[in-house]
Amino acid sequence: MVYSILKKYGIRGGFLDQHFLVNEPILDSITEAADLQDDDVVLEIGGGIGNLTERLVARAGRIIVIERDPRLVAVLQDRFHEVSNIDIIEGDAMKVELPAFNKVVANLPYSISSPITFRLLNHGFEKGILMYQYEFARRMVEVPGSKIYGRLSVDTQYFADVRLLRKISPSAFTPAPKVWSAVVEVIPRPPVFEVKDEQLFFRVVEAAFGQRRKKMKNALTKCNPPLANQEDILRLIPEDFLGKRAEQLFPEDFATISNIIYEARDN
Ligand code: SAM
């Protein structure tokens, strides 16, 4: 089916992260994981030739697809011209105004994985079923103590509960990408710890993992501009934190550190 659509429209892919998911059971499992209901408004980023889209329109109340490639927008318009619960937006998902939606289901363009994820998280939604490059997905869900636990893990888990649902082989796509992929469930929720200044929290996390081989004391004082270069601020941060490397700290530990710096600067 998918191959005949590619042939019919003369689409090859390989450009703009165009690797089309052709494995029908995997397409079904992504749709299942989204647990679609009649009143769901679903955003799909990068509709491609509509192989995931056709499953979404059959199950949810309304589907809004953002697709950047005008040739694929034409394919989607042609394929779904008789479908009434779909809106197709031609544009860059990083630039167009995001519509209101409660679920997001997408085989994402991997080159915008990080900015589009945080754009979506800042916009707000109830549930996301999103395909990423496997290594990126692992970094999103990782916990302290691992070499791949990092800024992406802490920043993502600040906004949401994340779970890697399944690893996907390159052979599930055409043209096959060079990398493995993974489907991730993203459930946004309010932060589970108090952060007094979000900007400062994210800067502490960035500084900590920017120098991940260094202990926190060095990471906080040697970043530019330094986050805590005065002895009186450093003295307030528990020695246990200052003597550890970033990968040994939990997300809430970074919150504690940033809250201490925030309070100390305020006084
Ligand atoms: N949904 C299809 C599937 O599962 O086979 C296609 C997924 S393909 C990995 C990514 C899609 O995103 C392509 O159709 C590509 O043209 C589109 N795309 C790439 N960059 C984009 C962007 N910045 N905004 C919107 N769509 C984009």
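A residue is called buried when its relative accessible area is under 20%, exposed when over 50%, and partly exposed in between, using a 1.4 Å probe and the protein chains only. By that criterion, Leu152, Ser153, Val154, Asp155, Thr156, Gln157, Tyr158 and Phe159 of helix 7 are buried. This is a predicted model, in which local features need pLDDT of at least 70 and side-chain atom pairs count only at pLDDT 80 or more, whereas totals for chains, interfaces and linings use all residues. Residues are numbered from 1 along each chain as its sequence is written, and side-chain values use heavy atoms, with hydrogens and water left out.

**Ligand site**
- The ligand is surrounded by 23 residues, of which the closest are Gln18, Leu21, Gly46, Glu67 and Ala93, a residue counting if one of its heavy atoms lies within 4 Å.
- Strand 1 (20–21) and strand 3 (62–67) are the elements that give two or more residues to this shell, strands being DSSP runs of E with at least two residues and helices runs of H or I with at least four, numbered from the N terminus.

**Polar contacts (pairs of N or O atoms within 3.5 Å)**
- A backbone N or O atom of Ala93 lies 2.9 Å from a ligand nitrogen, and one of Arg68 lies 3.3 Å from a ligand nitrogen.
- An N or O atom in the side chain of Glu44 is 3.2 Å from a nitrogen atom of the ligand.

**Helix 7**
- Helix 7 spans residues 151–159 and is mostly covered, with eight of its nine residues buried.

How values were computed
A polar contact is a pair of N or O atoms within 3.5 Å; within protein, one must be able to donate a hydrogen and the other to accept it, and residues adjacent in sequence count only if both atoms are side-chain atoms.
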